[in-house]
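Please look over the chain below before reading on. The briefing that follows takes up strand pairing, individual residues and the pocket in turn.

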Amino acid sequence: DCGCTNFPAALGNVTFGGQPRSPVVAFDGPDVTTVNATNGAFSTFLATGTYTVSANVTEGAKTYLAFEPVAAQTPTTVDLALRLATNVTGSAFFAGIPITGVPIAFTLRGGGTVRAATDSSGSYNALLLGGTYDVSADHVATATEGAATRTVRYTFSGSLTVVHETPIQAFNLALSRSLANTTVSGTVRYLGRDGKATPIED
(Lines give C-alpha, C1' and ligand atoms only; values in the text may rest on other atoms or scores of the structure.)
Protein backbone atom coordinates (compact mmCIF):
# COMPACT_ATOMS: atom_id res chain seq x y z
CA ASP A 1 0.00 0.00 0.00
CA CYS A 2 1.75 3.15 -1.24
CA GLY A 3 -0.83 5.56 0.20
CA CYS A 4 -1.25 7.03 -3.28
CA THR A 5 -4.27 9.15 -4.13
CA ASN A 6 -6.39 7.88 -7.01
CA PHE A 7 -7.26 10.47 -9.67
CA PRO A 8 -9.35 8.71 -12.34
CA ALA A 9 -9.50 10.17 -15.84
CA ALA A 10 -12.68 11.77 -17.17
CA LEU A 11 -12.95 12.21 -20.91
CA GLY A 12 -15.62 12.74 -23.50
CA ASN A 13 -17.03 14.83 -26.32
CA VAL A 14 -19.32 17.84 -26.67
CA THR A 15 -21.68 17.87 -29.65
CA PHE A 16 -24.51 20.00 -31.00
CA GLY A 17 -26.73 18.50 -33.68
CA GLY A 18 -24.18 15.71 -34.05
CA GLN A 19 -21.33 18.15 -34.75
CA PRO A 20 -18.43 18.80 -32.36
CA ARG A 21 -18.38 21.99 -30.31
CA SER A 22 -15.53 23.28 -28.17
CA PRO A 23 -16.89 25.10 -25.10
CA VAL A 24 -15.52 25.16 -21.57
CA VAL A 25 -16.50 22.00 -19.69
CA ALA A 26 -17.15 22.44 -15.94
CA PHE A 27 -16.87 19.80 -13.22
CA ASP A 28 -18.72 20.41 -9.94
CA GLY A 29 -18.03 17.91 -7.15
CA PRO A 30 -15.19 17.12 -4.74
CA ASP A 31 -13.06 19.07 -7.24
CA VAL A 32 -14.44 22.21 -8.87
CA THR A 33 -12.57 22.71 -12.11
CA THR A 34 -12.93 23.52 -15.80
CA VAL A 35 -11.24 22.29 -18.97
CA ASN A 36 -11.43 23.50 -22.57
CA ALA A 37 -12.81 21.13 -25.17
CA THR A 38 -10.73 20.97 -28.37
CA ASN A 39 -12.50 19.93 -31.55
CA GLY A 40 -15.26 18.73 -29.22
CA ALA A 41 -13.02 16.47 -27.12
CA PHE A 42 -11.98 17.00 -23.50
CA SER A 43 -10.14 15.12 -20.77
CA THR A 44 -9.01 15.74 -17.20
CA PHE A 45 -8.20 13.95 -13.94
CA LEU A 46 -10.50 14.18 -10.92
CA ALA A 47 -10.53 13.25 -7.26
CA THR A 48 -12.93 10.34 -6.76
CA GLY A 49 -16.55 11.25 -6.06
CA THR A 50 -19.79 12.33 -7.69
CA TYR A 51 -19.80 15.26 -10.13
CA THR A 52 -22.07 17.25 -12.38
CA VAL A 53 -20.34 17.79 -15.73
CA SER A 54 -21.71 20.66 -17.82
CA ALA A 55 -21.08 22.81 -20.87
CA ASN A 56 -22.96 25.53 -22.72
CA VAL A 57 -22.65 27.57 -25.89
CA THR A 58 -24.53 30.64 -27.11
CA GLU A 59 -25.53 31.04 -30.73
CA GLY A 60 -27.34 34.26 -31.53
CA ALA A 61 -29.95 34.88 -28.84
CA LYS A 62 -30.16 31.23 -27.80
CA THR A 63 -28.09 29.26 -25.27
CA TYR A 64 -27.58 25.54 -25.49
CA LEU A 65 -26.70 23.40 -22.47
CA ALA A 66 -25.70 19.89 -21.50
CA PHE A 67 -25.07 18.44 -18.08
CA GLU A 68 -24.69 14.91 -16.78
CA PRO A 69 -24.07 13.30 -13.38
CA VAL A 70 -20.85 11.31 -13.22
CA ALA A 71 -19.50 8.97 -10.55
CA ALA A 72 -15.72 9.29 -10.92
CA GLN A 73 -14.48 6.13 -9.24
CA THR A 74 -12.67 4.67 -12.27
CA PRO A 75 -11.79 6.17 -15.69
CA THR A 76 -15.07 7.61 -16.98
CA THR A 77 -16.43 8.64 -20.36
CA VAL A 78 -19.15 11.29 -20.51
CA ASP A 79 -20.62 12.64 -23.73
CA LEU A 80 -22.43 15.98 -23.63
CA ALA A 81 -25.10 16.64 -26.26
CA LEU A 82 -26.11 20.31 -26.20
CA ARG A 83 -29.82 21.16 -26.12
CA LEU A 84 -31.75 24.41 -25.97
CA ALA A 85 -31.55 25.76 -22.42
CA THR A 86 -34.17 27.56 -20.35
CA ASN A 87 -33.02 30.68 -18.53
CA VAL A 88 -34.70 30.35 -15.14
CA THR A 89 -34.71 33.70 -13.38
CA GLY A 90 -36.20 35.19 -10.24
CA SER A 91 -35.39 36.46 -6.79
CA ALA A 92 -35.04 35.15 -3.23
CA PHE A 93 -36.79 37.18 -0.57
CA PHE A 94 -37.97 37.12 3.03
CA ALA A 95 -41.01 39.16 4.10
CA GLY A 96 -40.84 40.99 0.78
CA ILE A 97 -37.18 41.96 1.21
CA PRO A 98 -34.66 40.58 -1.33
CA ILE A 99 -31.78 38.65 0.21
CA THR A 100 -28.30 38.80 -1.34
CA GLY A 101 -25.71 36.05 -1.55
CA VAL A 102 -28.14 33.12 -1.26
CA PRO A 103 -26.72 29.94 -2.86
CA ILE A 104 -29.40 27.98 -4.74
CA ALA A 105 -29.15 24.36 -5.89
CA PHE A 106 -31.35 22.92 -8.67
CA THR A 107 -31.08 19.11 -8.54
CA LEU A 108 -32.63 17.32 -11.50
CA ARG A 109 -34.63 14.26 -10.55
CA GLY A 110 -32.60 11.67 -12.37
CA GLY A 111 -29.24 13.27 -11.63
CA GLY A 112 -27.19 16.41 -11.95
CA THR A 113 -27.13 19.69 -10.00
CA VAL A 114 -26.96 23.26 -11.30
CA ARG A 115 -25.98 26.01 -8.86
CA ALA A 116 -26.72 29.73 -8.78
CA ALA A 117 -26.58 32.56 -6.23
CA THR A 118 -28.50 35.78 -5.74
CA ASP A 119 -26.74 39.03 -6.61
CA SER A 120 -26.72 42.39 -4.83
CA SER A 121 -30.38 42.94 -5.75
CA GLY A 122 -31.49 39.47 -4.59
CA SER A 123 -31.92 38.23 -8.17
CA TYR A 124 -30.46 35.13 -9.84
CA ASN A 125 -30.53 33.27 -13.11
CA ALA A 126 -29.73 29.64 -13.91
CA LEU A 127 -29.52 27.74 -17.19
CA LEU A 128 -31.57 24.53 -16.95
CA LEU A 129 -32.90 21.82 -19.22
CA GLY A 130 -36.48 20.56 -19.26
CA GLY A 131 -37.45 18.38 -16.32
CA THR A 132 -38.38 18.46 -12.64
CA TYR A 133 -35.90 19.81 -10.12
CA ASP A 134 -35.67 19.82 -6.34
CA VAL A 135 -34.73 23.38 -5.36
CA SER A 136 -32.94 24.18 -2.11
CA ALA A 137 -31.24 27.15 -0.48
CA ASP A 138 -29.39 27.54 2.82
CA HIS A 139 -27.74 30.82 3.76
CA VAL A 140 -26.43 32.24 7.04
CA ALA A 141 -26.37 36.04 7.39
CA THR A 142 -27.04 38.79 9.90
CA ALA A 143 -30.33 40.64 10.31
CA THR A 144 -31.65 43.33 12.62
CA GLU A 145 -34.50 42.38 14.94
CA GLY A 146 -35.62 45.34 17.01
CA ALA A 147 -32.42 46.96 18.24
CA ALA A 148 -30.39 43.74 18.08
CA THR A 149 -28.32 42.26 15.26
CA ARG A 150 -28.87 38.51 15.02
CA THR A 151 -27.24 35.71 13.10
CA VAL A 152 -30.01 34.10 11.07
CA ARG A 153 -30.42 31.24 8.63
CA TYR A 154 -32.46 31.59 5.43
CA THR A 155 -33.71 28.35 3.89
CA PHE A 156 -35.89 27.16 1.05
CA SER A 157 -37.05 23.74 -0.10
CA GLY A 158 -39.35 23.22 -3.06
CA SER A 159 -39.61 21.92 -6.61
CA LEU A 160 -39.67 23.34 -10.11
CA THR A 161 -40.77 21.82 -13.40
CA VAL A 162 -38.97 23.42 -16.32
CA VAL A 163 -40.90 23.28 -19.58
CA HIS A 164 -38.74 21.79 -22.33
CA GLU A 165 -37.27 24.39 -24.74
CA THR A 166 -38.97 27.35 -23.07
CA PRO A 167 -36.50 30.24 -23.47
CA ILE A 168 -37.30 31.98 -20.15
CA GLN A 169 -39.11 30.81 -17.03
CA ALA A 170 -39.66 32.71 -13.78
CA PHE A 171 -39.25 31.16 -10.34
CA ASN A 172 -39.08 33.09 -7.05
CA LEU A 173 -37.98 31.71 -3.70
CA ALA A 174 -39.95 32.74 -0.60
CA LEU A 175 -37.35 32.07 2.09
CA SER A 176 -37.94 30.94 5.66
CA ARG A 177 -35.84 32.48 8.44
CA SER A 178 -34.74 31.18 11.82
CA LEU A 179 -32.11 32.10 14.37
CA ALA A 180 -28.75 30.47 13.66
CA ASN A 181 -27.77 30.04 17.30
CA THR A 182 -24.24 29.12 18.21
CA THR A 183 -23.60 27.46 21.58
CA VAL A 184 -20.26 28.18 23.21
CA SER A 185 -19.23 26.06 26.20
CA GLY A 186 -16.34 26.41 28.61
CA THR A 187 -15.30 26.47 32.23
CA VAL A 188 -16.17 29.34 34.53
CA ARG A 189 -13.51 30.01 37.17
CA TYR A 190 -13.78 32.04 40.32
CA LEU A 191 -10.65 32.64 42.41
CA GLY A 192 -8.91 29.84 40.54
CA ARG A 193 -11.61 27.28 41.24
CA ASP A 194 -13.73 25.62 38.55
CA GLY A 195 -17.39 26.50 38.35
CA LYS A 196 -20.13 24.99 36.27
CA ALA A 197 -19.73 24.92 32.47
CA THR A 198 -22.34 27.30 31.17
CA PRO A 199 -23.65 27.30 27.59
CA ILE A 200 -23.94 30.78 26.13
CA GLU A 201 -26.34 31.43 23.27
CA ASP A 202 -26.16 34.34 20.88
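Strands β3 and β6 run antiparallel and are joined by four bridges, where strands are DSSP runs of E of at least two residues, helices are runs of H or I of at least four residues, and both are numbered from the N terminus; two strands count as paired if DSSP finds at least two bridges between them. Within this pairing, Ala26 has Ser54 of β6 as its bridge partner. The model is a predicted one, in which local features need pLDDT of at least 70 and side-chain atom pairs count only at pLDDT 80 or more, while totals for chains, interfaces and linings use all residues. Residues are numbered from 1 along each chain as its sequence is written, and side-chain values use heavy atoms, with hydrogens and water left out.

**Sheet and strand pairs**

- Strands of a sheet pair through backbone hydrogen bonds, either parallel or antiparallel.
- Strand β1 (residues 9–16) pairs with β5 in the antiparallel sense over five bridges, and the bridge partner of Leu11 in β5 is Ser43.
- Strand β5 (residues 41–45) has Phe42 and Thr44 on its covered face, whereas Ala41, Ser43 and Phe45 are on the uncovered one.
- Strand β11 (residues 86–94) and β15 are paired in the antiparallel sense through six bridges, with Ser123 of β15 as the bridge partner of Ser91.
- In β15, the covered face carries Tyr124, Ala126 and Leu128, and the uncovered face carries Ser123, Asn125 and Leu127.

- Thr63, which lies in strand β7 (residues 62–72), is buried with a relative accessible area of 18%; buried means under 20% relative accessible area, exposed over 50%, and partly exposed in between, with a 1.4 Å probe and protein chains only.
- The side chain of Thr63 makes a polar contact with the side chain of Thr58 at 3.2 Å, a polar contact being a pair of N or O atoms within 3.5 Å of which, within protein, one must be able to donate a hydrogen and the other to accept it, and residues adjacent in sequence count only if both atoms are side-chain atoms.
- Apart from neighbours within four places in sequence, Thr63 is in contact with residues including Asn56, Arg83 and Leu127, contact meaning heavy atoms within 4.5 Å.
- Gly49, found in strand β6, is buried too, with a relative accessible area of 12%. The C-alpha atoms of Gly49 and Gln73 are separated by 6.4 Å, although the two are 24 residues apart along the chain.

**Largest pocket**

- About 270 Å³ of space lies in the largest pocket, a pocket being an open set of points on a 1 Å grid over the protein atoms alone, where a 1.4 Å probe fits, with protein on both sides within 12 Å along at least five of seven lines; lining residues have an atom within 4 Å of a point. Grid points are joined across faces, edges and corners, and the volume is the space filled by probe spheres set on the points.
- Of the 17 residues that line the largest pocket, Ala26, Ser54, Asn56, Val114 and Arg115 are the closest to its centre.

**Whole chain**

- The chain has zero helices and 24 strands, and 34% of its 202 residues count as buried.
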